[in-house]
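Here's a friendly walk through one chain of a model. Take a look at the sequence and structure first, and then we'll go through some details together.

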Amino acid sequence: MEVAAAKLIGAGLACVALVGAGIGIGNIFGSFVAAGVRNPAGAPKMFTNVLIGFALAEATGLFGLLIAFMILFVF
Amino acid sequence: MADAHNPLEQFAIRRIVDIHIGGLDASFTNSAAWMVIAIVAITVFMTYGMRAQALVPTRWQSLAEMAYEFVANMVRENAGTAGMQYFPFVFTLFMFVLFSNLLGLLPLVNLGFTVTSHIIVTFALAATVFIGVTIIAFAKHGLKFLTFFVPHGVPWPLLIVLTPIEVISYFIRPFTLSVRLFANMMAGHTMLNIIASFVIGLGLIAGWAPLIFMVGLSGLELAIAGLQAFVFAILTCIYLNDALHLHH
């Protein structure tokens, strides 16, 4: 297989990591919405943690995207 | 037919003023120029905003005070009163990352540049935070800081597995901190560039569809710019808290 073709396939496969990011982010906001409907008074207090959790979950997905970029442009 | 549109061309570093010191290339690049613009913008925002010094704030003063209060509350909440000693550093970090992210969203053709979309910039910031926090930890606690990696009340067989994991997750901090910001900025700008090329490619007939998507995406990128600056700053406060007060 040509190196260029293998690179493209590898980069595409590495992007599968973003599935985890999607599930994680959906989980965080889903829990926030479910708990917020139960206890509306407590929702603003937790919103900061929701944003931090979102950024951390997104970051792990983006590590996969970083590997995809590295495969395409560094190797 | 012209060359295929390259979405990564927006990240190219161009020299504005060629400066060579010894054998090193210390040219003033577009990255450096936008860093200077960010610093000037922050300085103008804070000093001009506070010029009125009214007890009941004017609009700009209100914004400047809000920025100060936001970061001050964040540092006090997450790093305690001992952490307020490092508030100027966290405030500088937050404002620099925020303004760099936001200035990168300006749609200036061939002139605009996002400073934080380069791993070397974000890694320099994250390495500064990591090295600084580690030095603070050793300066305050001496060798007792190493008990940070050995969690309390854990049975010793589990400890043999847990301690290397703790050490690894400590040393991975500068990398996760820098890659989080870099990947968000690079992916966001690449997406904006590609969708924009769809708008132009589809022309007047069908170009409105990707255009509507771009409006939403630009809003999302504005939110991400602010959020990533906030997350960078608050993780700095959390790492500072770990260094100043040793418990997890």
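## A proline and its surroundings

Leaving out neighbours within four places in sequence, B:Pro210 is in contact with B:Ile195, B:Phe198, B:Val199 and B:Leu202 (contact means that the C-beta atoms of two residues, placed from the backbone, lie within 7 Å). B:Pro210 itself sits in helix H7 of chain B. Helices here are DSSP runs of H or I with at least four residues, strands are runs of E with at least two, and both are numbered from the N terminus.

As for B:Ile200, it is 10 residues from B:Pro210 in sequence, and their C-alpha atoms are 9.3 Å apart in space.

A word on the background: this is a predicted model, where local features need pLDDT of at least 70 and side-chain atom pairs count only at pLDDT 80 or more, while totals for chains, interfaces and linings use all residues. Residues are numbered from 1 along each chain as its sequence is written, and chains are lettered from A and ligands numbered from 1 in the order in which they are written.

## The chain as a whole

Chain B has seven helices and four strands, and from the N terminus they run β-β-β-β-α-α-α-α-α-α-α. Of its 248 residues, 27% are buried. Its C-alpha atoms fill a box of roughly 70 × 55 × 50 Å along the principal axes. Take the contacts in chain B between residues at least 6 apart in sequence: 62% of them join residues at least 24 apart.

## Meeting chain A

On this side, 11 residues of chain B are in contact with eight residues of chain A. Two elements of chain B give two or more residues to it:

| Helix of chain B | Residues |
|---|---|
| H6 | 173-206 |
| H7 | 208-244 |

H6(B) gives the most, with six residues. By type, the chain B side divides into seven nonpolar, three polar and one charged (Ala, Val, Leu, Ile, Met, Phe, Trp, Tyr, Cys and Pro count as nonpolar, Asp, Glu, Lys and Arg as charged, and the others, Gly among them, as polar).

Notes: A residue is buried if 20 or more other C-beta atoms lie within 10 Å of its own, exposed if 12 or fewer, and partly exposed in between; C-beta atoms are placed from the backbone.
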